[in-house]
Amino acid sequence: MSLRTDRVASLVKDEAGMYISRELNDSATGFVTVMEVHMSPDLKIAKIYVSVMGAPEIKERAMERLEEIKGELRTHIGHALRLKYTPSIQFYLDETMDRVDKINRLIAQIHRDEPPKSEES
C-alpha cells in the first residue's frame with residue numbers, strides 16, 4: 001500500500017468507527033468495533049473489517065444492520081473526508097479475536113491436562 005492509501009484508510013477507519021458506534025448502540029447488534037480498513041489502490045473501495053462481540057445470532061444481526069446503514073455511512077464519509085471519489089463500502093466480519101480466544105482456551109486446557117513436573121536436584 002502507498003502512503004496515501006494508508007492515510008485514507010486510517011481516516012475512513014476513524015470516521016466509520018465513530019459513525020457505527022453512534023448508530024449501532026443497541027443490544028441486538030452487540031458491541032461492534034472497526035478493526036481494520038483496506039483501501040483499493042484507486043481509493044474507490046473501502047473494505048471495512050469489523051469485530052462483533054456476542055453469539056453468532058448477534059453477529060449475523062450486526063452484519064445485517066451494517067448492510068442497512070452502508071449508504072448512510074458512505075454519505076457521512078464523503079462529507080467528512082472530501083475525497084475526489086467517495087469509496088464504496090464492503091463489510092467483512094473479522095474473527096481474529098475469536099480465533100485468539102480459542103487458541104488461549106486450548107493452551108489453558110493443555111496446561112490443565114499436563115501432569116506436574118517433578119523437580120530433580
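What follows is a set of questions and answers on this predicted model.

Q: Why is T5 called buried?
A: The cut-off for buried is under 20% relative accessible area. T5 has 5% relative accessibility, so T5 counts as buried. T5 lies in helix α1.

Q: Which residues is T5 in contact with, leaving aside its neighbours within four places in sequence?
A: They are M39, S40, P41 and L43. Contact here requires heavy atoms within 4.5 Å.

Q: What makes the span of α1 agree with its number of residues?
A: α1 has 21 residues. The expected span is 1.5 Å times one less than the number of residues. That gives 30 Å for α1, and its end C-alpha atoms are 30 Å apart, so the two agree.

Q: Which residues of α1 are buried?
A: They are T5, V8, A9, V12, E15, A16, Y19 and I20.

Q: How do you know that these residues line one face of the helix?
A: Look down the axis of α1. The buried residues fall within an arc of 140 degrees, so they line one face. The face turned away from that buried side carries the exposed residues L3 and R7.

Q: What covers the buried residues of α1?
A: The cover includes the strands β1, β2 (45-53) and β3 (88-93). It also includes the helices α2 (56-68) and α3 (70-81).

Q: Why is S27 called exposed?
A: Exposed means over 50% relative accessible area. S27 has 69%, so the label exposed applies. S27 lies in the loop between α1 (3-23) and β1 (31-39). Its C-alpha atom is separated by 9.6 Å from that of G54, 27 residues apart along the chain.

Q: Why is D42 called partly exposed?
A: Partly exposed is the range between the buried cut-off of 20% and the exposed cut-off of 50%. D42 has 48% relative accessibility, so D42 counts as partly exposed. D42 lies in the loop between β1 and β2. The C-alpha atoms of D42 and S21 are separated by 27 Å, and these residues are 21 apart along the chain.

Q: What makes the pairing of the D42 and S40 side chains a polar contact?
A: A polar contact needs a pair of N or O atoms within 3.5 Å. The side chains of D42 and S40 are joined at 2.6 Å, and that is a polar contact. The D42 side chain also has a polar atom 3.1 Å from the backbone nitrogen of K44.

Q: Why do β1 and β3 stand at the edges?
A: The open sheet has three strands in the order β1-β2-β3, with mixed pairing. β1 and β3 each have a single partner strand, so one side of each is left without a neighbour in the sheet. From one strand to the next, the twist averages 30 degrees.

Q: How do you know that β1 and β2 pair, and in which sense?
A: Pairing needs at least two bridges. β1 and β2 have eight bridges, in the antiparallel sense. Among the bridges to β2, V37 is partnered by I48 and H38 by K47.

Q: How many bridges join β2 to β3, and how do these strands run?
A: Six bridges join them, and the strands run parallel. Again, at least two bridges are needed for pairing. A46 stands opposite I89 in β3.

Q: Why is L43 called buried?
A: L43 has 13% relative accessibility, so L43 counts as buried; the cut-off is under 20%. L43 is in the turn of the β1 and β2 hairpin, which has five residues between its strands. L43 has a positive phi of about 65 degrees although it is not a glycine.

Q: Is R82 buried or exposed?
A: R82 has a relative accessible area of 69%, so R82 is exposed. The cut-off is over 50%. R82 is in the loop between α3 and β3. R82 has a positive phi of about 55 degrees although it is not a glycine.

Q: Why is S51 called buried?
A: S51 has 11% relative accessibility, so S51 counts as buried. S51 lies in strand β2. Beyond residues up to four places away in sequence, S51 touches F31, V32, T33, M35, D94 and M97.

Technical notes: Residues numbered from 1 in each chain as written. Predicted model: local features only at pLDDT ≥ 70, side-chain atom pairs only at ≥ 80, totals over all residues. Heavy atoms only, no water. Helix = DSSP H or I, 4+ residues; strand = E, 2+ residues; numbered from the N terminus. Buried < 20%, exposed > 50% of the residue type's maximum accessible area, 1.4 Å probe, protein only. Arc of directions from axis to C-beta. Polar contact = N/O pair within 3.5 Å; in protein donor to acceptor, adjacent residues only side chain to side chain. Axes fitted to C-alpha atoms, helices over the stretch in contact; angles between N-to-C directions.
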